[in-house]
Amino acid sequence: MPRLHIAVEGIVQGVGFRPAVFRMAEARGLTGWVRNRPEGVELEIQGPAAATEDFLRALRDEVPPPARVDRIASRRITEQTEDTAFEIRESGAGATVRPVVPPDLATCPECAREMATPGERRHRYPFTNCTYCGPRYTIIEGLPYDRRLTTMKGFPLCPDCAREYGDPRDRRFHAQPVACPVCGPRLHLAAPDGAPWAEGEAALQGAAEVLREGRILALKGLGGYQLLADAASDAALAKLRQRKRRGEKPLAVMFPDLPSLQAACEAGEAEAALLQSPEAPILLLRRRPGAAVSASVAPGNPRLGAFLPYTPLHRLLLEAVGGAVVCTSGNLSDEPMAFRDDEARVRLGCLADTFLVHDRPILRPVDDSVLRLDGDGPTFLRRARGYAPLAAPLGDGGPSVLALGGHQKNTVALLAGGQVVLSQHLGDLTSVDGAELLARTVEDLLAFFRVRPERLACDLHPDYASTRLAERLAAEWGLPLIRVQHHHAHGAACAAEHGLPGPVLALAWDGTGYGADGTIWGGEALVVTGAAFRRVGHLRPFPLPGGDAAVRDPKRSALGLATAVLGPGAVPGSLLAAFEAAELGVLQAMLARDLNCPQTSSLGRLFDAVAALAGIRERRGFEGQAAMELEFAAEQAAPGHAYGWAFSGQEVRVADPVPLVAELLRDRAAGAAPETVARRFHAALADLALAWARHAGLRDVVLAGGCFQNALLTALVTARLSEAGFRVHRHRRFPPNDGSIALGQAAVAAATA
Ligand SMILES: [Zn+2]
Ligand SMILES: [Zn+2]
Ligand SMILES: [Zn+2]
């Protein structure tokens with residue numbers, strides 16, 4: 001009888017892995033044991049050779065859906081005569097099991113089947129879950145991950161659930177949030193003031209009715225409150241946008257099932273697999289012509305953020321509605337999502353017509369994750385539900401670091417022992433609620449992972465809420481605080497994700513970051529080597545009339561650029577019409593006197609300026625809208641000529657867009673289509689990347705910063721550099737935008753001598 005010792009690494013704790021191993025062993029008549037250990041799970045099996053072989057195959061191929069096996073190492077050991085069965089063992093005394101906080105996981109196929117089957121105990125029960133699915137991170141108060149330390153502690157198990165919970169043969173063995181209609185949470189429909197209207201099935205049907213009638217529903221979901229509206233109704237969406245103060249920013253759409261989603265969007269096999277995975281993110285997909293969703297879901301945008309119901313409650317509700325709904329986080333623009341019941345009533349009372357709620361408390365807000373699949377892999381745009389707070393390997397065990405991140409799309413990173421945990425997307429820190437959420441998340445991470453940071457890291461910007469919190473904590477704890485330049489952090493994050501110690505060339509291209517010289521950076525070529533960076537290229541700075549006000553007003557960037565490259569007072573004719581006469585006068589006076597006109601080398605602002613000069617978007621919109629519309633326009637045009645640059649400087653290659661602007665204006669005057677102009681601009685950026693890469697002369701180039709959310713730009717730059725022999729790396733597990741700033745700060749701080 002062979003006996004094997006097997007070590008498994010990957011996502012194998014807190015995901016029902018040990019019970020699954022137990023069942024696999026028992027089904028094959030094997031004896032032995034399984035237990036958690038710091039690096040994963042270890043086990044021993046003994047039995048006939050064919051059975052142990054088949055067990056090893058199952059260990060690779062039949063792991064429970066939320067688990068992920070990265071490595072299996074097995075070796076033959078001495079046969080033992082004393083075990084008579086297979087058992088799940090507690091982790092050995094003194095073992096330092098790294099605390100694992102599992103992410104929240106979408107309803108598994110088995111639970112979905114159970115809910116849909118009349119006669120099952122959990123038929124149509126909106127809080128069905130098991131070891132493979134359901135709430136985790138959003139309901140955990142502390143560790144060990146045990147029911148008494150979750151918000152399920154207020155729901156004592158009924159005898160049937162207790163039996164399932166205690167039976168290692170059951171897929172609900174030690175499923176901490178296990179519940180049923182007898183003992184678990186319940187559903188309520190309520191007025192905005194909290195007055196109850198209906199319960200259970202009636203509440204569900206009532207909520208569906210609200211949506212079908214074109215009204216707005218606040219839904220207490222998995223990681224917070226969401227606002228829902230009929231995705232096919234222009235009127236309902238107009239109401240939602242007006243109440244939420246959300247201009248034209250795209251809204252995500254939840255479809256009842258995969259076929260209805262595929263009827264509206266192009267989703268192939270890879271997309272379908274990701275949509276139906278335990279992470280079940282929002283995926284950006286190409287919208288099909290004639291899709292049964294209102295154009296105002298994502299105005300002027302060929303893509304649609306689409307996802308599938310990921311909780312039993314969403315599943316039942318969407319089925320009752322019978323069509324797609326817009327499903328967006330419950331907040332006013334730029335505020336964090338509401339997640340506590342009392343706070344939700346106050347903050348969403350005037351946004352929603354009706355509330356569909358339940359009595360399972362949510363402990364921390366976790367938004368839906370947003371991804372895009374390009375031909376060659378995923379790009380994260382927002383990393384939250386399903387992914388946070390999973391740890392990832394990073395670095396090689398230097399000092400432990402707590403990094404507080406940037407200001408927008410904020411996240412927090414905790415680095416220790418060669419592993420990094422990046423918090424869920426916390427969003428914009430401008431509001432008081434945003435700053436409080438940041439402080440609470442820091443407490444959470446430190447408590448969960450029991451790490452005492454030895455260093456703190458933050459942005460160079462003196463006024464960020466994250467910087468202020470870092471300064472306070474550093475003083476309180478008596479720790480060194482390392483301030484990391486924004487674009488250095490971008491480059492270091494991508495280098496660290498790919499295990500590149502440097503030197504690497506980082507093309508850090510984004511909207512706004514506080515530069516080492518006090519100006520606003522964002523079109524940067526930096527040589528990054530661990531804790532150090534050297535600026536080897538940047539865009540020629542131009543003034544931004546009104547500073548931050550220019551971020552949402554592309555014509556201001558265009559005016560600033562025109563002033564810099566064409567001379568004071570020069571306004572291209574095509575741009576004149578975009579301004580009110582009085583407004584133009586004020587801005588020109590500001591530019592002439594250099595009043596509140598900070599200099600920027602930001603590529604994001606150059607995108608805005610070009611979008612305005614190309615006639616694609618002059619007027620105000622949401623941040624990044626002009627750049628997105630420029631991308632979509634460029635996608636429509638065939639490849640061809642690229643606008644030129646003028647370079648100056650030896651050490652630092654400054655890219656001057658004078659030829660680019662001149663050619664663009666000539667094209668416009670000659671009647672070139674905006675799409676052509678947009679394409680030529682994108683091609684110019686690929687040339688710029690190559691010029692800077694040749695100047696730096698390093699083999700590895702990392703692409704980081706919000707501009708690389710642009711799929712076309714990323715593809716063109718990657719192709720251009722790869723053809724010339726450079727090795728190009730981009731973010732795969734973390735977002736290219738400011739969601740990865742904390743990660744880069746942590747890597748830089750750990751590498752600092
Ligand atoms: Zn399940
Ligand atoms: Zn029960
Ligand atoms: Zn940035």
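What is the geometry at the site of the zinc ion (ligand 1)? Tetrahedral, with angles of 103 to 119° among its four donor atoms. For four donors, that label requires all angles to lie between 85 and 135 degrees.

Some ground rules. This is a predicted model, where local features need pLDDT of at least 70, side-chain atom pairs count only at pLDDT 80 or more, and totals for chains, interfaces and linings use all residues. Residues are numbered from 1 along each chain as written, chains are lettered from A and ligands numbered from 1 in written order, and side-chain values use heavy atoms, without hydrogens and water.

Now, the donors of ligand 1. Cys108, Cys111, Cys130 and Cys133 coordinate this zinc ion through SG, at 2.3 Å. A donor is an N, O or S atom within 2.8 Å of the metal (3.2 Å for Na, K and Ca); water is not among the atoms, so sites may look incomplete. The spacing is C-x2-C-x18-C-x2-C. Cys111 sits in helix H3 (109-116) and Cys130 in the loop between H3 and helix H4 (159-166), so the pair ties together parts 19 residues apart in sequence. Helices (H or I, at least four residues) and strands (E, at least two) are DSSP runs, numbered from the N terminus. Cys111 is buried, at 0% relative accessible area. Buried means under 20% (1.4 Å probe, protein chains only).

On to ligand 2. Cys158, Cys161, Cys180 and Cys183 coordinate that zinc ion through SG, at 2.2 to 2.4 Å. The site is tetrahedral, with angles of 103 to 118°. Both Cys158 and Cys183 are buried.

Definitions and conventions
Four donors count as tetrahedral if all angles lie between 85 and 135 degrees; four count as square planar and six as octahedral if opposite donors are over 155 degrees apart and all others between 65 and 115; anything else is irregular. Buried means under 20% relative accessible area, exposed over 50%, partly exposed in between (1.4 Å probe, protein chains only).
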